[in-house]
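Here are my notes on the model you sent over.

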Amino acid sequence: MKRIALGSLLAIALVSGFAGGRTAETQLLARIEVGGRGACSVAMTDGAAWVSVYNTNEVVRVDPATNEVVARVPVRGGPCGIVAAEGAVWVENFNGSSVQRIDPAQNRVVAGVGVGSRPYDVAYGHGSIWVTNNASRTVSRVDPRRNRLVKTIRTPGIAPVGLAITANAVWVGSGSGTRIARIDPRRNRVVARIRTGRAPAWLGATADSVWVSNQLDNTVSRVDVQTNRVLATIPVGIGPVDSGIVAGHVWVPHLNNNNVMRIDPETNRVIETVAVGGGPYVVPDHADELWVGSFRGTDVWRFRVGVPATGGARG
């Protein structure tokens, strides 16, 4: 498999408005060719990175030790959202109205569960797999032990897109309107709708906050998970999409700008902008590495996250 290894080459970090020009150095480790257009998202298991490839209807297994593709798993149409949970890899099928379970020991699909129409995202929390169904205006709850749909939750006024999981809630972004939804997993129903910005489609979560990408406002809203109040609204690039938490910071991809912005939760400010491949769509949560697929390309970019410089002040 083709791989472009870049060793110690530094990623281009474009940061403006900070005193002294201080930046964090985020190091590009590799560009991994996955062999198909639409590299959408990445899920991590022990010793493997799993990449959903939208246009070729497959999930590609990458060995992080070598940055080589080691297996290809055919799935149903339009895979994008992907998560590792309960000893398996789960991927939604946008064109197939289902979520499929991949066994990492066999590198094959071992189960499929029907959900609603046009599933957008998949996440794990509260003992369940959660799937947003954009066209059905619902969220599906799946029991991963029985591979069975256990609840379909209506989301009035919400066109479900992204998901985030916190200790006491499941959060749902909306591709239209100005509000996100909060689901109580004990009652399996929406208990709050919070106004953030226009088209608040995609979400990330830290322990105390949900970070909402408002696609039409070019902002990220920080929502307190205890009070449901917006604590901050942060300007970012054009069309922010599905953010992730890496090394304690919020990383926001921009599908049309081909970059990812890094937000420091201590200051609610962008501290770094990293150039990536064509059409970055999703940043998965990770302890210390940034993995970004190229939805309009055929590769995945892998970075080692640098420690931010201190003392900078935004002008």
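Predicted model: local features only at pLDDT ≥ 70, side-chain atom pairs only at ≥ 80, totals over all residues.

1. As general background, nonpolar side chains in soluble globular proteins tend to be buried together.

2. Leaving out neighbours within four places in sequence, V300 is in contact with A30, R31, I32, V34, A39, V42, V51, W291, V292 and G293.

3. Now the overall picture. The protein has 28 strands and zero helices. Of its 315 residues, 57% count as buried. Taking contacts with a separation of 6 or more, 43% are between residues 24 or more positions apart.

4. How many aromatic pairs are there? The count comes to six. One of the pairs is W202 with Y281, which is edge-to-face, at 5.5 Å centre to centre with 75° between the planes. W202 sits in strand β19 (residues 200–205) and Y281 in the loop between β26 (269–275) and β27 (289–293), so this pair ties together parts that are 79 residues apart in sequence. Both W202 and Y281 are buried. The two also belong to one aromatic cluster, together with Y54, F94, Y120 and F295.

5. Next, the largest pocket, which holds about 540 Å³ of space. Its lining is made of 28 residues, and the closest to the pocket centre are I82, V83, V122, P284 and D285. By type, the lining divides into 20 nonpolar, five polar and three charged residues. At least two lining residues come from each of β3, β7 (79–85), β11 (119–125), β15 (160–166) and β19.

6. Two loop residues make a handy pair to look at. A65 is in the loop between β5 and β6 (68–74) and counts as exposed because its relative accessibility is 70%. A65 and G47 are 18 residues apart in sequence, with their C-alpha atoms 7.7 Å apart. R145 is in the loop between β13 (138–143) and β14 (148–154), and at 58% relative accessibility R145 counts as exposed too. Setting aside neighbours within four places, R145 is in contact with E86 and G127. From R145 to S128 the C-alpha distance is 8.8 Å, across 17 residues of sequence.

7. Finally, check the backbone at two asparagines. Most residues other than glycine have a negative phi. N67 has a positive phi of about 60°, while phi of N107 is near 55°. N67 lies in the loop between β5 and β6, and counts as buried because its relative accessibility is 10%. N107 is in the loop between β9 (98–103) and β10 (108–114) and is partly exposed, with a relative accessible area of 27%.

Key:
Residues numbered from 1 in each chain as written. Heavy atoms only, no water. Phe/Tyr/Trp six-rings, centres within 6.5 Å; stacked < 30°, edge-to-face > 60°. Helix = DSSP H or I, 4+ residues; strand = E, 2+ residues; numbered from the N terminus. Buried < 20%, exposed > 50% of the residue type's maximum accessible area, 1.4 Å probe, protein only. Contact = heavy atoms within 4.5 Å. 1 Å grid on protein atoms, 1.4 Å probe; cavity = no way out; pocket = protein on both sides within 12 Å on 5 of 7 lines; lining within 4 Å. Points joined across faces, edges and corners; volume = space filled by probe spheres on them. Nonpolar A, V, L, I, M, F, W, Y, C, P; charged D, E, K, R; others polar.
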